Each structure stands twice: as C-alpha cells, then as structure tokens.
Amino acid sequence: MGTWNSRGLRGSTLEDMINHTNEIYREKKLALIQKIPTPITPINIAKESRHITLAYFDQKSTVDYIGAVQGIPVCFDAKECAVKTFPLQNVHEHQIRFMEEFEAQGGIAFIILHFTAMDEIYYVPLRDLKRFWQRMEDGGRKSFTYDEIDHSFQIHAHRDILVHYLEMIQQDLDRRQE
C-alpha cells in the first residue's frame, strides 16, 4: 500500500469543499461564484499525453473566487493553516490591494481560513485582515493567531453545504450597517 503525502494535497481539501458549496449555491440560485484559474504559460508539454510538465505563472493572481451573491459582488481567497498562527506571508500585498479596490466598488472581500488542526473554518473580513496587515507593516507580528480572529464568524456546514459562508456574508453586511 502506498503512503499518503498530505503535503501534496495541501490546500485542495478546503477548495474542494468550497467548490462543492458553490455548485449547490448555483443550483439553488443563491449565488454564482467561480473559481479563478491561475494564469500560466506552458514551457514543456509531454508529446504523448499532451500534459503540461513545466510552466510559469503569467502574473500575480488576485483571489481564488469571485462572483455575486443576491446581487452583491463578492471575492475571496481560501487559506489553510495547520497551527493556531496564520503567517501573513500567505497573503500577498497585491491581493490586499485588489480586495480593497473590490470593496471600493461596493463589493465584499474576505478570506475563508481553515484551521486544520481544530477542523474549524472562519470567515475573516477584509477589515480584520487589513488590521493584522497594518500591524505587520508598523513593525508588529507578521502573523495573526486563532485567538485574535472573530469567532462569531465561524463557518459551519448546513446539510449538504459543506462551507456555508453565505450566513457570514449576511452577518458581515449587518455589522457594516450598525
């Protein structure tokens, strides 16, 4: 029996769950969210299988997902963290800028963060992410901890919806209006 290499699947589990959730949201006409492919330029292609064996990234990617929820534009990135501390190096400055510009156009931007050790998933609004980012830029810690995030934004499964983040978008919208 072969060994299972968890490093090789890192990041795919959360994205698979989100992709499944987005398909259900689409079927139920709740939202239309698409996974944004990372643009690449192939260097080598295997002749027999026509598979890309070597490529480079064309440009910096923006976010993993973009779409609309009941007429509201949304964009977000999916992140996983094996420990109780999330390194901000896993979010890039161009992503923060894109999300800021997205919200300036009336959209909602956030990350979905899976703390894999606890198997807990959280919605982290851009405003919280920016606070942690600013702290880092001001010379503070280059990460944020599980204890620092808003635990009222924990995402739960709901029947066949594995990562039911629409509830958190509504909660975020309600807080913005307060």
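The accessible surface of the chain comes to about 10,800 Å², and carbon and sulfur atoms hold 51% of that; accessible areas come from the Shrake-Rupley method with a 1.4 Å probe, and for residues only the protein chains shown count as cover. The model is predicted: local features need pLDDT of at least 70, side-chain atom pairs count only at pLDDT 80 or more, and totals for chains, interfaces and linings use all residues. Residues are numbered from 1 along each chain as its sequence is written, and side-chain values use heavy atoms, with hydrogens and water left out.

**Overall build**

- The chain has 4 helices and 10 strands; helices (H or I, at least four residues) and strands (E, at least two) are DSSP runs, numbered from the N terminus.
- Read from the N terminus, the order of elements is α-β-β-β-β-β-β-α-β-β-α-β-β-α.
- Of the 178 residues of the chain, 38% count as buried; buried means under 20% relative accessible area, exposed over 50%, and partly exposed in between (1.4 Å probe, protein chains only).
- Among contacts in the chain with a separation of 6 or more, 64% come from residues 24 or more positions apart, where contact means heavy atoms within 4.5 Å.

**Aromatic pairs**

- The whole structure contains 13 aromatic pairs; rings of Phe, Tyr and Trp (its six-membered ring) pair if their centres lie within 6.5 Å, and planes under 30 degrees apart count as stacked, over 60 as edge-to-face and the rest as tilted.
- F76 and F110 are stacked, because their ring centres are 4.8 Å apart and their planes lie at 10 degrees.
- This pair links distant parts of the chain, with F76 in strand β5 (residues 72-81) and F110 in strand β7 (residues 108-115), 34 residues apart.
- F76 is buried at a relative accessible area of 0%, and F110 is buried with a value of 0%.
- F86 and F144 make a tilted pair, 5.2 Å centre to centre with 45 degrees between the planes.
- F86 belongs to strand β6 (residues 85-87) and F144 to strand β9 (residues 143-145), so the pair ties together parts 58 residues apart in sequence.
- Both F86 and F144 are buried.
- One aromatic cluster is formed by Y25, Y65, F76, F110, Y123, F153 and Y165.

**Charges over rings**

- The charged end of K35 sits over the ring of Y65, 5.5 Å from its centre; a charge sits over a ring if NZ of Lys or CZ of Arg is within 6 Å of the ring centre and within 35 degrees of the ring normal.
- R131 lies over the face of F132, with 4.7 Å to the ring centre.

**A buried asparagine and the cysteines**

- N22 is part of helix α1 (residues 12-27) and is buried, with a relative accessible area of 6%.
- Leaving aside residues up to four places away in sequence, N22 touches I33, Y65 and Y165.
- The structure holds 0 disulfides, a disulfide being a pair of cysteine sulfur atoms within 2.5 Å.
- C75 is buried at 0% relative accessibility, and C81 is buried with a relative accessible area of 5%.

**Positive phi in loops**

- K29 is not a glycine, yet it has a positive phi of about 60 degrees.
- K29 is in the loop between α1 and β1 (31-35) and is exposed at 71% relative accessibility.
- R159, also not a glycine, has a positive phi of about 55 degrees.
- R159 is in the loop between β10 (154-155) and α4 (166-177), and counts as exposed at 75% relative accessibility.
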